[in-house]
Amino acid sequence: MKFIIETYGCQMNVADSELVSSILISAGHTPVTDIDEAQAIIFNTCSVRDHAEQRVLGRIANEKHRKNTDPELKIGVIGCMAQRVGKRLMEIEPGIDFVVGVDQYQHLPSILDDSLSSEEDTLYMDPSQIYPGIMPYRQDKNCGFVTVMRGCNNFCSYCIVPYVRGRERSRPVDDIYTEVRRATEVGLRDITLLGQNVNSYQHDGYRFPDLLKKLNDIESLWRLRFVTSHPKDLSDELISAMASCTKVCEHIHLPLQAGDDQMLKKMNRSYDIDHYLGLIDKLRTAIPDIAITTDLMVGFPSETQSQFENTLRVMERIRFDYAFCFKYSEREGTVAATYKDQVPENERLRRLQTMIDLQRQITFEKFQEQIGKNVEVYVEDFSRKSQDMVSGKTRDFKIAVLSGSSDKIGGLSMAKVIDATAGTLICE
Ligand code: SAH
Ligand code: SF4
Ligand code: F3S
């Protein structure tokens with residue numbers, strides 16, 4: 001069958017879609033990029049906020065008309081929402097033919113050829129696997145994701161991820177090493193290691209800093225990144241490994257969530273602001289010019305205006321290069337959903353806008369500070385605006401454009417920053 005996968009949510013889902021493609025291709029199916037050609041449309045879904053779920057349900061409702069002209073067409077749902085809701089999804093949206101949870105993707109070929117019923121309960125079994133021995137089918141030519149651990153044990157009180165992704169489990173070092181080496185050898189020189197809580201990686205006595213050091217020796221690898229780190233697992237050893245490994249990029253994504261100790265406690269984040277600020281100091285001392293990005297949330301139950309303002313003050317103090325700002329969304333089954341004092345929706349929205357405005361200003365200033373600096377750009381493509389310009393990323397994860405033609409693509413260029421917007425460095 002010709003299939004297409006539409007992916008929502010985090011990088012883990014992007015990597016899982018590559019895994020699913022690989023499984024389906026091995027079974028004789030063919031990936032297509034034009035939805036009109038597809039005989040199977042698979043939605044890889046996210047449950048982290050209600051909005052993410054509603055959006056994908058809307059997309060499915062929009063596509064099911066295709067069955068009128070093509071009754072053989074199959075529509076499937078995989079990913080976190082499939083895990084969370086299970087086969088009830090087929091009742092909620094009758095256009096859906098099958099639903100497969102996050103760790104049962106090996107069954108997809110049998111579902112597509114109808115040898116396995118989509119009613120099987122095993123399709124949503126508790127997640128526990130690591131998909132050994134499958135090389136992902138990658139479409140990007142320059143950058144690749146490599147999953148190193150799956151699941152999460154942290155149970156932040158607002159978060160659905162531990163319920164849908166199961167407990168933490170890490171892949172063997174040798175498997176990761178082989179996958180990274182093979183990806184870099186075919187030209188994917190910028191590798192991002194993935195895990196819901198990537199820096200808690202642990203396998204056979206190997207911990208995350210050991211993994212970075214081992215991968216750093218791969219000659220064909222140019223750049224190594226990782227997401228997402230939890231502040232509680234950012235050890236001194238990890239910071240010094242980041243500083244000493246030449247391939248590890250000068251960037252960390254370190255979700256803060258809130259800048260108020262009481263909120264952090266209610267969120268079950270297991271660190272306080274002092275600890276977080278201490279980490280930022282250590283990072284900036286060990287790795288000068290490190291870019292720090294974060295996730296922030298407004299409107300967590302009982303958050304007062306002054307607690308919200310505490311977060312704004314911490315943002316001003318740390319000056320993140322970028323922040324993903326979210327409005328709290330109640331997730332059924334989580335501890336925070338049982339809290340009585342929910343913040344009204346319009347107030348959540350107002351706080352979100354204030355936060356986004358502040359961060360936009362800081363990001364703009366951070367980008368302006370780059371003017372005059374020399375940066376290394378891994379050129380990935382032509383610039384969207386002009387065929388005489390190419391674009392790529394700096395080591396510290398900023399988008400950069402510079403003049404050049406196709407011969408620059410896939411290589412490293414040294415460039416000087418001559419101007420900047422709040423999202424792009426303009427280089428020479
Ligand atoms: N494992 C990663 C990513 C989790 S989801 C981590 O721990 O950082 C990505 C982000 O979504 C979180 O950092 C958080 O800011 C946000 N998020 C999670 N649950 C949410 C909810 N119920 N409402 C709003 N934002 C949420
Ligand atoms: Fe969710 Fe917290 Fe786990 Fe991140 S660390 S996935 S926010 S429970
Ligand atoms: Fe969403 Fe699942 Fe990732 S809930 S954020 S796709 S782990």
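How do the residues of the lining of the second largest cavity divide into nonpolar, polar and charged? The points below come to this after the basis of the model.

1. Basis. This is a predicted model, in which local features need pLDDT of at least 70 and side-chain atom pairs count only at pLDDT 80 or more, whereas totals for chains, interfaces and linings use all residues. Residues are numbered from 1 along each chain as its sequence is written, chains are lettered from A and ligands numbered from 1 in the order in which they are written, and side-chain values use heavy atoms, with hydrogens and water left out.

2. Second largest cavity. A cavity is a set of points, on a 1 Å grid over the protein atoms alone, where a 1.4 Å probe fits but cannot get out, and its lining residues have an atom within 4 Å of a point; grid points are joined across faces, edges and corners, and a volume is the space filled by probe spheres set on the points. The second largest cavity holds about 40 Å³ of space, and its lining consists of Arg225, Phe226, Val227, His251, Ile252 and His253. This lining divides into three nonpolar, two polar and one charged residue, where Ala, Val, Leu, Ile, Met, Phe, Trp, Tyr, Cys and Pro count as nonpolar, Asp, Glu, Lys and Arg as charged, and the others, Gly among them, as polar. Strand E12 (223-227) and strand E13 (251-253) each supply at least two of the lining residues; strands (E, at least two residues) and helices (H or I, at least four) are DSSP runs numbered from the N terminus.

3. Strands beside this cavity's lining. E13 runs parallel to E14 and is joined to it by three bridges, two strands being paired if DSSP finds at least two bridges between them. Ile252, a residue of the cavity lining, has Ile292 as its bridge partner in E14. E14 also pairs in the parallel sense with strand E15 (residues 322-327), over six bridges, and there the partner of Met297 is Phe326. In strand E14 (residues 291-298), eight of eight residues are buried, that is, under 20% relative accessible area, with exposed over 50% and partly exposed in between (1.4 Å probe, protein chains only).

4. Largest cavity. Two cavities of 30 Å³ or more are counted, and the largest has a volume of about 120 Å³. Of its 13 lining residues, Leu19, Thr147, Arg150, Arg171 and Glu179 lie nearest its centre, and by class the lining has eight nonpolar, one polar and four charged residues.

5. Second largest pocket. A pocket is an open set of points with protein on both sides within 12 Å along at least five of seven lines. The second largest pocket has a volume of about 440 Å³, and among its 16 lining residues Ser383, Arg384, Ser391, Ile399 and Val401 are the closest to its centre. E17 gives the most to this lining, with four residues, and the lining divides into five nonpolar, six polar and five charged residues.

6. Ligand 3. The shell around ligand 3 is made up of Gly9, Cys10, Asn13, Cys46, Ser47, Val48, Cys80, Arg165 and Gln196, with a residue counted as near if one of its heavy atoms lies within 4 Å. These residues divide into four nonpolar, four polar and one charged.
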